[in-house]
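This briefing reviews a single protein chain for a reader working from the coordinates. The points are grouped by topic.

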Amino acid sequence: MSTTLTMPTWIRPWYPGGAYGDHIDVDCPALAKQTSQPVEGSGWLDPNVGLLCATCVPSWEAVCDTCDVSMADDWEDDAGRFSEADAKAWKREHRCAPRVRITPPPSTPRTSR
């Protein structure tokens, strides 16, 4: 039996966002709609706890090692950030016998197992 430890990736700076989630990007358009002068949150933000702004959350990626196509390239018309569920769906639907790597963004809350 093995145990895997998941350590939080603490984020600094971050910007409180209220009911819509906290922001990790000072240039986030959603944050700009909330305030013209963002105020940095105190302490460090744990992305595994609480709500993060969907626009600020770094995008997931999936890349097929067989044909070297990425989800971002394949779905470029979908413009926006991709979730873990998007990466898994792309892996299921990919056209070749895939060896697909799903890569989480550098810091993101866990969304599923």
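Where is the place of Pro-38? Pro-38 sits in the loop between H1 and E1. The model discussed here is predicted. The secondary structure of the protein chain consists of three helices and two strands, and the order of these elements from the N terminus is α-β-α-α-β.

**Confidence of the model**

- For the protein chain, the mean pLDDT is 79, and 81% of the residues reach 70 or more.
- Among the elements of the chain, H1 has the highest mean pLDDT, at 90, and H2 the lowest, at 84.
- Over residues 1–7 the pLDDT stays under 50, and the model has one contact beyond four places in sequence for this stretch.
- Where pLDDT is low, the predicted coordinates should not be read in detail.

- The protein chain has 113 residues, of which 34% are buried.
- Its accessible surface comes to about 7700 Å², and carbon and sulfur atoms account for 52% of that surface.
- Of the contacts between residues at least 6 apart in sequence, 64% join residues at least 24 apart.

**The surroundings of Pro-38**

- Pro-38 is partly exposed, its relative accessible area being 34%.
- Leaving out residues up to four places away in sequence, Pro-38 touches Tyr-15, Val-26 and Leu-31.
- Pro-38 and His-23 are 15 residues apart along the chain, and their C-alpha atoms are separated by 9.7 Å.

**Helix H3 and its cover**

- Helix H3 spans residues 84–93, and its buried residues are Glu-84, Ala-87, Ala-89 and Trp-90.
- The cover over these buried residues includes strand E1 (61–64), helix H2 (71–74) and strand E2 (100–103).
- At the start of H3, Ser-83 places a side-chain oxygen within 3.3 Å of the backbone nitrogen of Ala-85.

**Ala-62 in strand E1**

- Ala-62 belongs to strand E1.
- Is Ala-62 buried or exposed? Ala-62 has a relative accessible area of 0% and is therefore buried, the cut-off for this class being under 20%.
- Beyond its neighbours within four places in sequence, Ala-62 is in contact with Val-69, Ser-70, Met-71, Ala-87, Trp-90, Val-100, Arg-101 and Ile-102.
- Phe-82 lies 20 residues from Ala-62 in sequence, with a C-alpha to C-alpha distance of 9.6 Å.

**Salt bridges**

- Asp-65 is partly exposed at a relative accessible area of 33%, whereas Arg-99 counts as exposed at 57%.
- Because Asp-65 lies in the loop between E1 and H2 and Arg-101 in strand E2, the pair ties together parts that are 36 residues apart in sequence.
- Arg-101 counts as partly exposed, at 42% relative accessibility.
- Salt bridges with shared partners join Asp-65, Arg-99 and Arg-101 into one network.

Terms used:
Residues numbered from 1 in each chain as written. Predicted model: local features only at pLDDT ≥ 70, side-chain atom pairs only at ≥ 80, totals over all residues. Heavy atoms only, no water. Buried < 20%, exposed > 50% of the residue type's maximum accessible area, 1.4 Å probe, protein only. Helix = DSSP H or I, 4+ residues; strand = E, 2+ residues; numbered from the N terminus. Contact = heavy atoms within 4.5 Å. Polar contact = N/O pair within 3.5 Å; in protein donor to acceptor, adjacent residues only side chain to side chain. Salt bridge = Lys/Arg side-chain N within 4 Å of Asp/Glu carboxyl O. pLDDT = per-residue confidence, 0-100. Areas by Shrake-Rupley, 256 points an atom, 1.4 Å probe, with all protein chains shown as cover.
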